[in-house]
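Subject: A structure for you to look at

Hi there,

Here is the structure I promised to pass on. Have a look at it first, and then read my notes below.

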Amino acid sequence: MSKKNDWKKRDGIVFSTSSDFEYNYQQNEEAQTLPPQQQNLKVMLDKSGRAGKQVTLVSGFIGTSADLESLTKTIKTKCGVGGSSKDGEILIQGDVRDKVVQLLLKEGYKAKRSG
């Protein structure tokens, strides 16, 4: 509790009269990675907010960020393009939806093209 301005993160607690009160912060825990057979991934084309450039967007992944990064790296190497992962989504440069869907199906994921 020695951090500066940590009182702003206390949801709903304003003041406590108890001398031994200590607020327990809720930690954002990452969800356990589901097996590939239980993942429902959607592969779509997106170009909003990217100055008209097309990106292939893979959404619906449930798991840790390390596993998401690993899947992103696999897709990028197999397709031979750049990309990144953020906010639980995988962004691949260009329109490579068909390649990504085939690759995900080969890896054992439930993937479908949407949009």
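Arginine 50 counts as partly exposed, at 26% relative accessibility; here buried means under 20% relative accessible area, exposed over 50%, and partly exposed in between (1.4 Å probe, protein chains only). Its side chain meets that of aspartate 46 in a salt bridge (2.8 Å, N to O), and aspartate 46 is buried, with a relative accessible area of 19%. A salt bridge is a side-chain nitrogen of Lys or Arg within 4 Å of a carboxyl oxygen of Asp or Glu. Side chains of opposite charge can pair when their charged atoms come close.

Before you go further, please note that this is a predicted model: local features need pLDDT of at least 70, side-chain atom pairs count only at pLDDT 80 or more, and totals for chains, interfaces and linings use all residues. Residues are numbered from 1 along each chain as its sequence is written, and side-chain values use heavy atoms, with hydrogens and water left out.

How many salt bridges does a search of the whole structure find? There are three. Another of them joins the side chains of arginine 97 and aspartate 95 (2.9 Å, N to O). Arginine 97 is buried at 12% relative accessible area, whereas aspartate 95 is partly exposed at 39%. Aspartate 98 also forms a salt bridge, with arginine 113, and their closest N and O atoms are 2.5 Å apart. That pair links distant parts of the chain, with aspartate 98 in helix H2 and arginine 113 in strand S5, 15 residues apart. Helices (H or I, at least four residues) and strands (E, at least two) are DSSP runs, numbered from the N terminus.

Now turn to H2 itself, residues 97-107, where Arg97, Val100, Val101, Leu103 and Leu104 are buried. Seen down the helix axis, these buried residues fall within an arc of 165°, so they line one face of H2; the arc is that of the directions from the axis to the C-beta atoms. The face turned away from the buried side carries exposed Gln102 and Lys106. Among the elements covering the buried residues of H2 are strand S1 (40-46) and helix H1 (65-79), where contact means heavy atoms within 4.5 Å.

Finally, find lysine 53 in the loop between S1 and S2. Lysine 53 is exposed, with a relative accessible area of 59%. Not counting residues up to four places away in sequence, lysine 53 touches Asp46 and Lys47.

Enjoy exploring!
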